[in-house]
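Have a look at the model first.

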Amino acid sequence: MNDLRILMVLDSMASGGTETYVLSVAREMKRLGAYVIVAGGEGSHAPIFREEFPVHLLPFDWNFKLEEERISRLASVMRDENINIVHMHQTPSGRIALQAARMMGIPVVFTMHGTYYPKSDLLPIVKQCDAVISVSKPVEAFWLREGVASSVIPNGIDLEEFHQAGDREVLREPFGIPKEAMVLLYASRLAWEKADVCKIVLRSAADLKRSEFPQLVVVVAGDGPEMDAIRRLAQQLEYRNHVRFIHLIGQRTNMADCYRMSDIVVGTGRVALEAMACGKPVLALGTRGFLGWVEPSMYEEAWRCYFGDHQSLRSCNQPLLTQTLRKGLSRQELLHWYGEMGRAWVSDLFDITKVTRSIAGVYRDILRV
């Protein structure tokens with residue numbers, strides 16, 4: 001891959017799923033011999049990006065007064081770094097990068113990470129791209145209805161970073177979580193529908209802790225505009241239960257350790273894949289609905305609906321989640337088996353090396369090399 005010189009463009013280098021995806025792919029591209037640089041705004045992952053790649057800090061927002069200046073700056077980066085592929089992942093950074101790449105005659109790729117983009121913002125961009133990638137089948141189908149064809153290449157998981165080894169008790173110590181606790185982890189950005197899902201998880205966990213599982217502890221990893229509302233709800237539930245059992249730990253750059261210190265993970269999309277790579281049983285619950293425990297007979301549906309993040313056959317409600325959690329928590333040996341089988345499935349289909357080679361194949365088709 002020595003002939004590939006790739007510019008990855010992000011709105012910011014925060015700690016969300018898209019940023020983690022880009023970091024994983026960029027690392028693997030670099031390991032395979034490609035030259036990778038990153039452009040984007042500041043964020044919690046910026047120090048990690050800077051340690052491993054040339055980084056060009058550019059604030060990307062909808063400030064049209066500065067648009068020409070940002071296009072010019074990004075075009076200069078492309079020229080100076082001799083870039084031959086620009087890979088975009090978000091808007092508005094994608095709009096700026098597209099215009100800069102067109103000025104320089106460089107082909108562009110856009111990866112669509114979900115169906116949440118405003119169509120009016122995204123469609124003018126992707127319809128000018130040389131290639132488009134969707135991270136799931138529902139995303140591909142959604143945008144195809146808008147006239148955008150894409151290749152389906154899933155999120156890739158670095159199995160060396162996300163693995164099972166780790167002292168669970170030591171990892172719990174900084175948060176004051178007892179070694180005998182049964183830890184449920186919910187990881188997500190706390191905004192919009194995902195914050196609503198978090199509230200359902202907290203209420204269900206509170207009911208189960210009060211009635212049947214006194215050792216249950218909840219850890220919420222993530223931040224966002226709904227953090228204050230989540231904090232207030234946590235305080236109310238702890239007051240009713242007369243015990244502290246909800247830990248809001250904010251954004252984390254070491255999510256692998258968060259998975260390893262947990263017993264079960266409630267999540268969707270990339271969170272589900274990362275947790276399964278760490279050998280953890282996953283209860284899939286996303287913004288589009290409810291899937292349930294991810295076990296071998298559910299793998300096909302889990303991939304088809306992306307764990308409930310992009311599509312689902314059922315909506316979620318608190319009684320349904322409580323009932324499903326109760327059944328799982330009552331059968332720990334079965335959950336352990338779910339975790340073992342999940343690790344094998346992720347290794348087979350979502351290994352970062354396989355995914356990165358597929359993305360490189362898209363690059364080569366564009367470059368015709």
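Which residue stands opposite Val219 in S9? That place belongs to Leu185. Before going further, some ground rules: this is a predicted model, where local features need pLDDT of at least 70 and side-chain atom pairs count only at pLDDT 80 or more, while totals for chains, interfaces and linings use all residues. Residues are numbered from 1 along each chain as its sequence is written, and side-chain values use heavy atoms, with hydrogens and water left out.

Helices (H or I, at least four residues) and strands (E, at least two) are DSSP runs, numbered from the N terminus. Strand S9 covers residues 216–221, and six of its six residues are buried. Buried here means under 20% relative accessible area, exposed means over 50%, and partly exposed is in between (1.4 Å probe, protein chains only). Leu216, Val218 and Val220 point one way from S9, Val217, Val219 and Ala221 point the other way, and all are buried.

S9 has a partner in strand S8 (residues 182–187): the two run parallel and are joined by six bridges. Two strands count as paired if DSSP finds at least two bridges between them. To get from S8 to S9, the chain passes through helix H8 (residues 192–211), and this β-α-β crossover is right-handed. In plain words, with the strands pointing away from the viewer, the path from the first strand over the helix to the second runs clockwise.

S9 also pairs with strand S10 (residues 246–250), again parallel, through four bridges. Here Ala221 has Gly250 in S10 as its bridge partner. Helix H9 (residues 227–241) carries the chain from S9 to S10, in a β-α-β crossover that is right-handed.

**Charged pairs**

A salt bridge is a side-chain nitrogen of Lys or Arg within 4 Å of a carboxyl oxygen of Asp or Glu. By this rule the count comes to 19 salt bridges. Here are some examples:

| Pair | Closest N and O atoms |
|---|---|
| Lys137 and Glu140 | 3.9 Å |
| Arg172 and Asp263 | 2.9 Å |
| Glu300 and Arg304 | 3.9 Å |

Lys137 and Glu140 both sit in helix H6 (residues 137–144), three residues apart, or about one turn of the helix. Lys137 is partly exposed at 43% relative accessible area, and Glu140 is partly exposed at 21%.

What about the pair Arg172 and Asp263? Arg172 is in helix H7 (residues 168–172) and Asp263 is in the loop between helix H10 (255–260) and strand S11 (264–267), so the pair ties together parts that are 91 residues apart in sequence. Arg172 counts as buried at 0% relative accessibility, and Asp263 counts as buried at 18%.

Glu300 and Arg304 both belong to helix H12 (residues 299–305), four residues apart, about one turn of the helix. Glu300 counts as exposed at 63% relative accessibility, whereas Arg304 is partly exposed at 39%. Elsewhere, Arg27, Glu52 and Glu161 are linked in a network of salt bridges.

**Cysteines**

How many disulfides does a search of the whole structure find? It finds zero, with a disulfide taken as a pair of cysteine sulfur atoms within 2.5 Å. For Cys278, the nearest cysteine sulfur is that of Cys258, 9.9 Å away. Cys278 counts as buried at 2% relative accessibility. The sulfur of Cys305 is 13 Å from the closest cysteine sulfur, in Cys316, too far for a bond. Cys305 counts as buried at 3% relative accessibility.
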